[in-house]
Amino acid sequence: MDRQSHNQDTRKRRTRRQEQRVVTRIVRWIVGIVVVLLVIIGILGYRYIKSALAPVDPNSKDRIAVKIGIGSSTKAIGAELQKKGIIKSGTVFNYYVKFHNVAAFKAGTYHFSKAETLDDIISVLRDGGAQADAVGTVLVKEGAQISDIATTVDGLKAKNPNLTKAKFLAVLKDQAFFDQLAKRYPKLLSSAAAAKGVRYRLEGYLFPATYSVTAKETAQELVTEMVVKADSVMQSYYTSIARQGYSVQQVMTLASLVEREGSTTADRRTIAGVFLNRIAAKMPLQSDLSVMYALNTHKAHLTNKDTAVDSPYNLYVHTGYGPGPFDSPSENSITAVLSPTNRNKKYLYFVANMKTGEILYATTRAQHDANTAKFAADNAAAASSK
C-alpha cells in the first residue's frame, strides 16, 4: 500500500472515530435528559400523590355530609368527595383504592372533615356510614315502571316534602337534568338520549334495589342514586353489548319485556331468543306489555282496538324494539338478552299458562295456535279471577 492510500485510510478511521464519539455524546446527552425528566416527573408525581393523601385542611373543624348510594363506583365516590372539597383528587382516590385492593364500600350517609387523611376516609367508608338521618326507604321492584316508583316515593312525603309523586315525575321529565346525567354516564345513557318518542328517558334506568332516603333529600338526588346503581351494574356488560352490536337502549328494552314475560332464568333466556328471532325476521314482537304501556293501563284481555292503538310503544303494530324500556329490568333479564338460548330452534312464538306458569314455544303460527288452545281454559279462569 502506498503512503497516500495509507494516509487516506487513517483519515477515514479518524473521521469514523470522531463521528462515533459525537454520536455517543449525543446518545448520552439524550439519555441523560430522559433520566432527568423521569426523575423530575417521579418527584413531582410523588409530591402530588403525597399531597393528595394528606388532609385538605388540617385545621378544619367543619363536618361535611356525603351520601354514598348503593352500588356507587370508587370513581363516582372519589368525584363526589373531591366535589365536596373533602379530598384533593378523585383520580388519586380511585387508583389508590384499586391499588390497595380495598373491599367494596358501604352505602350510607357520612360526615367527613377536611382535616382527615385519605386513609382515614377510606377506613370510614369501608366500615359503613351512619344512617341516623334516614327517614325511610324506597324499594324499586324488578319490573316496576316509573309510575309505580313514583307512587312508592309519594309514601314518604310526610317525612320528606321533597319526595312527592308530582316532584319525582317532574324530575323525570326535566330534559336539562337528563342531559346532565347523560354527560356523566355516557355509556349508560347515550343511546337513551338519542331515542325518539319516549315517555320517560330514564324508564328502565332506575335500577331495582332498596334506597335509603334522608329528611332533606331531593328527588333529583334520589333519581341520581338509582341511575348510579344502574351504571354500576351495567359496567360488567358494556363490552358485551358493544361486541354484539346492540345499543344499551335496545338491551334494556328487550330486558324490560323479558322481565315481565318470564319468571325463571331458563324461560327468560328462551323468551329473549324468541324476541331476537322475531326482530331478525322483521316481525313485530306482539308483546301485550307494550300495548298496555302504550295505553298506560293494565288489562287481563286486550281487544283488537287496543292492539291497534296509535303509539310508538305498540309493538303489535310496529316492528323493532320500540322507543325504549317498559319497566326496570333485573340483572337476570339483562343477562338473558345478552345470552339467549335455543335461537337455533328458530322459535317465533310462545304462550304461558297463567295458572301453572308453564310456557310453550313454537316455530309456526299453527303450532302456536295449538299451544294457545291447550292453555285456553286455564288462562280464561286465571283472567276472570283477577
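Is E142 buried or exposed? In this predicted model, E142 has a relative accessible area of 52%, and because the cut-off for an exposed residue is over 50%, E142 counts as exposed. The residue lies in the loop that runs between strand 3 (134–140) and helix 5 (146–154). Leaving aside residues up to four places away in sequence, E142 touches P208, E259, S328 and S330. A further pairing concerns N332: the C-alpha atoms of E142 and N332 are 9.8 Å apart in space, while 190 residues separate the two in sequence.

Helix 7 (residues 175–184) packs with helix 8 (residues 186–194) at an angle of about 135 degrees, and the two axes are 6 Å apart. Helix 7 is therefore oblique to helix 8. The crossing of the two helices is left-handed. On the side of helix 7, the contact is formed by F178, L181, A182, K183 and R184; helix 8 contributes P186, L189, A192 and A193. By residue class, the contact of helix 7 with helix 8 comprises seven nonpolar and two charged residues, with no polar ones.

Helix 9 (residues 219–234) consists of 16 residues. From its first C-alpha to its last, helix 9 reaches 23 Å, which is close to the 22 Å expected at 1.5 Å a residue.

Technical notes
Residues are numbered from 1 along each chain as its sequence is written. This is a predicted model: local features need pLDDT of at least 70, side-chain atom pairs count only at pLDDT 80 or more; totals for chains, interfaces and linings use all residues. Side-chain values use heavy atoms; hydrogens and water are left out. Axes are lines fitted to C-alpha atoms, for helices over the stretch in contact, and angles run from 0 to 180 degrees between N-to-C directions. Helices (H or I, at least four residues) and strands (E, at least two) are DSSP runs, numbered from the N terminus. Angles under 35 degrees count as roughly parallel, over 145 as roughly antiparallel, 65 to 115 as roughly perpendicular and the rest as oblique. A crossing is left-handed if the near helix is turned anticlockwise from the far one by less than a right angle, and right-handed if clockwise. Contact means heavy atoms within 4.5 Å. Ala, Val, Leu, Ile, Met, Phe, Trp, Tyr, Cys and Pro count as nonpolar, Asp, Glu, Lys and Arg as charged, and the others, Gly among them, as polar. The expected span of a helix is 1.5 Å times one less than its number of residues. Buried means under 20% relative accessible area, exposed over 50%, partly exposed in between (1.4 Å probe, protein chains only).
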